[in-house]
Amino acid sequence: MLLQLDGVTKHFGGIAAVRNVGFEADEGKVLALIGPNGAGKTTLFNLITGALEPDQGVIALKGQTIKGLKPFQLAAGGVTRTFQNLQIFNSMTVLENVMAGAYLRGKKGFLRSLFSYHGWCKEEKMIREKSLVLLEETGLAETAGRPASTLPFGQKRLVEIARALASDPCLLLLDEPAAGLNSEESAVLTNYINKLRDRGTTMILIEHDMETVMNAADKIIVLNFGEVIAQGTPAEIQAHPEVIKAYLGEDEKIA
Amino acid sequence: MRIKKYSGLLIALLLLAIPLIAQSNYVYGLFIVVGLYTIIVQGLGILMGYAGQVSFGHAAFFGLGGYTAAILTTRFSWSPLPALLAAVFLPAVIAAVIGRQTLKLRELYLALATLGFGILVSIVFAEGGELTGGPSGISGIPHFQIGSLSFDSDGSFFLLIWLLVVMLMIGIKNLIHSRTGRALCAIRESEYAAENAGIDCSRLKLQAFIFSALLAGMAGGLYAFYVSFISPSPFSFHASVQFVLMAVIGGLGTFWGPLIGAMVVVLLSEVLKEVIPLIIPNAGGEYQIIIYGMILVILMIYQPQGLSSLRNRISLRGLK
Ligand SMILES: Nc1ncnc2c1ncn2[C@@H]1O[C@H](COP(=O)(O)OP(=O)(O)OP(=O)(O)O)[C@@H](O)[C@H]1O
Ligand SMILES: [Mg+2]
């Protein structure tokens, strides 16, 4: 098992944003995290990536607690994410964004970078090639040289995913990747997520769109007011009375 | 295409030929100062334009380099080369100490800390008694010398400085086009995302800060050897602001920016010093400062990206 949460709690002031949450994410599987606005989904990502520390509980990656590790250390351990409110490197080109994401694949530090002639650097060439492959895959190849700020919203989301993948993560966290996309963009994205899943990338996906979730996820965790109210396979969740009540309202049905 | 790519290099080479043709000590002197400031602003440019941090204390590192070289050669009879190495080393160590505490915090903490540090250091220079020579400073600093190679003429010192500038600029070009350069940019754009890509932001910012302090120290040491006399005044807070200004005016995050910024600011104040008395007879120094300030404000309004972005516009119009 890749990731394990046990009794994880996080308060902001008096509010418990995450309360006694426990679940497991298995290697090669897609876990979906759903729940209404403010349920604590993004906070969970912040906890898993080390951006926040839990007040209580244990988070373990590959059987080892991540307590005290910073986000950059967890990234080195294979955990990367995308952001709900895009965090693109705007003034850099699309290719540079992805190459920056491949930071961990290189080794040259400050001094060695100063002294090794940039045109001859093998590491640089390797990173560039791998990044171009990712751009090809995400359909961004044509935009490689453009400043990332000039891309439409949907493509920016793809840049974030490509950037996150550039470090070869063992666990990819996607925070509402389809939010704000039109149906066409959203279809491209869902397609890509399914492709990643088929390739065996372990993902935790926060997503509001039920169709995407039901199609992509192996397991679903439902959060409400910071608590896990249900977890199970898509079929189990669809039939779960608590979920229908809390998440969708009494009278709605899941498609 | 090719001309555009190399136009900066061509212009720079032409400019550097001027002093060699003029063979005047005044022109050499101007270019030496521009070169020394370029070294400082290159470092500051990495810190500000790439790592996104501001320092208002670089005149202090400049001064620490100068005083280290001066004190070691005059009071302890070190030879110039080891004294210069010490002038590089000491500011780097101090920057490491300051940066370690402040760079963990975001935004403006470094700017505040360096501001305070700069003021503190200038007081130490002025009140340092025997060691720093107080307000009257230290004189009798020897010429720079490596073994038997002595840089005692302005011409030879000019060549030394610009050799260093060129080497530094090659290094910086390498840095910018490396994973470290990209990581620095990433920090400036979004620390969250940078950390998430595995970049240790506080460590890298610290390295950029140390690098910039070290360069300022080197420039300070070389400056001391060049003028052979130092006092606290060139290392005041005012000078720190000048350096920031040069970095901004040249264009942050650009390759040619630091060189252009240093050159424009030095030449501008030099030209004003000559021209203003011709236009306004018996004008005091304050006119110079006012007009200088006005020009800088106008530059910042009409060319907020810095002067180096002018190049793209001109070459787009002219060469396309
Ligand atoms: N840094 C913070 N400081 C204070 N409160 C916070 C912070 N981050 C989140 N919260 C609060 O914690 C709760 C959970 O927020 P979170 O962003 O995790 O929800 P979410 O499930 O991601 O919601 P959404 O679907 O809107 O993205 C909210 O009440 C939010 O206001
Ligand atoms: Mg959220």
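Val297(B) sits in helix α12 of chain B, which spans residues 285-302. In this predicted model, Val297(B) is partly exposed, with a relative accessible area of 47%. Val297(B) also belongs to a nonpolar patch on the surface, along with Ile290(B), Met294(B), Ile298(B), Ile301(B) and Tyr302(B). Taken together, these residues have about 650 Å² of accessible area. If you step through their numbers, a general point about helices is handy: an α-helix has 3.6 residues a turn, so residues three or four places apart point the same way.

From Val297(B), you can look across to the other end of the numbering. Leu15(B) lies in helix α1 of chain B, residues 2-22, and is partly exposed, with a relative accessible area of 29%. Leu15(B) and Val297(B) are 282 residues apart along the chain, and 26 Å separates their C-alpha atoms.

Staying in chain B, move to helix α7, residues 179-189. Nine of its eleven residues are buried, so the helix is largely enclosed by the rest of the structure. The buried residues of α7(B) are Arg179(B), Thr180(B), Gly181(B), Arg182(B), Ala183(B), Leu184(B), Cys185(B), Ala186(B) and Ile187(B). At the start of α7(B), a side-chain oxygen of Ser178(B) comes to within 3.1 Å of the backbone nitrogen of Thr180(B).

What happens at Arg188(B) and Glu189(B)? These two residues form a salt bridge, with their closest N and O atoms 3.2 Å apart. Arg188(B) counts as partly exposed because its relative accessibility is 31%. Glu189(B), with a relative accessible area of 24%, is partly exposed as well; the cut-off for buried is under 20%.

Another salt bridge of chain B joins Lys205(B) and Glu191(B), whose closest N and O atoms are 3.0 Å apart. This pair links distant parts of the chain: Lys205(B) is in helix α9 (residues 201-227) and Glu191(B) is in helix α8 (residues 191-196), 14 residues apart. Both partners, Lys205(B) and Glu191(B), are buried.

Now cross over to chain A for one more charged pair. Asp175(A) and Arg81(A) form a salt bridge in which the closest N and O atoms are 3.8 Å apart. Here too the pair links distant parts of the chain, with Asp175(A) in strand β7 (residues 171-175) and Arg81(A) in strand β6 (residues 79-81), 94 residues apart. Asp175(A) and Arg81(A) are both buried. Over all chains, the count of salt bridges comes to nine.

Chain A also holds the surroundings of ligand 1. Which residues make up its shell? They are Phe12(A), Ala17(A), Asn37(A), Gly38(A), Ala39(A), Gly40(A), Lys41(A), Thr42(A), Thr43(A), Gln84(A), Glu176(A) and His208(A). By type, the shell divides into three nonpolar, seven polar and two charged residues. Helix α1 of chain A, residues 41-48, supplies the largest share of the shell, three residues.

A backbone N or O atom of Lys41(A) lies 2.8 Å from an oxygen atom of ligand 1. For Gly40(A), the distance from a polar backbone atom to a ligand oxygen is 2.9 Å, and for Ala39(A) it is 3.2 Å. On its own, ligand 1 has 630 Å² of accessible area, of which the protein covers 60%.

To finish the tour, consider two spots where the backbone deserves a second look. Most residues other than glycine have a negative phi. Asp168(A), which is not a glycine, has a positive phi of about 55°. Asp168(A) is found in the loop between α6 (153-165) and β7 of chain A. Is this residue buried or exposed? Asp168(A) counts as exposed because its relative accessibility is 53%, and the cut-off for exposed is over 50%.

Ser228(B) is in the loop between α9 and β4 (229-230) of chain B. With a relative accessible area of 27%, Ser228(B) is partly exposed.

Terms used:
Residues numbered from 1 in each chain as written. Chains lettered and ligands numbered in written order. Predicted model: local features only at pLDDT ≥ 70, side-chain atom pairs only at ≥ 80, totals over all residues. Heavy atoms only, no water. Patch = residues over 30% accessible without salt bridge, like charges linked within 9 Å, V, L, I, M, F, W, Y side chains within 5 Å. Areas by Shrake-Rupley, 256 points an atom, 1.4 Å probe, with all protein chains shown as cover. Salt bridge = Lys/Arg side-chain N within 4 Å of Asp/Glu carboxyl O. Helix = DSSP H or I, 4+ residues; strand = E, 2+ residues; numbered from the N terminus. Buried < 20%, exposed > 50% of the residue type's maximum accessible area, 1.4 Å probe, protein only. Near = heavy atom within 4 Å. Polar contact = N/O pair within 3.5 Å; in protein donor to acceptor, adjacent residues only side chain to side chain. Nonpolar A, V, L, I, M, F, W, Y, C, P; charged D, E, K, R; others polar.
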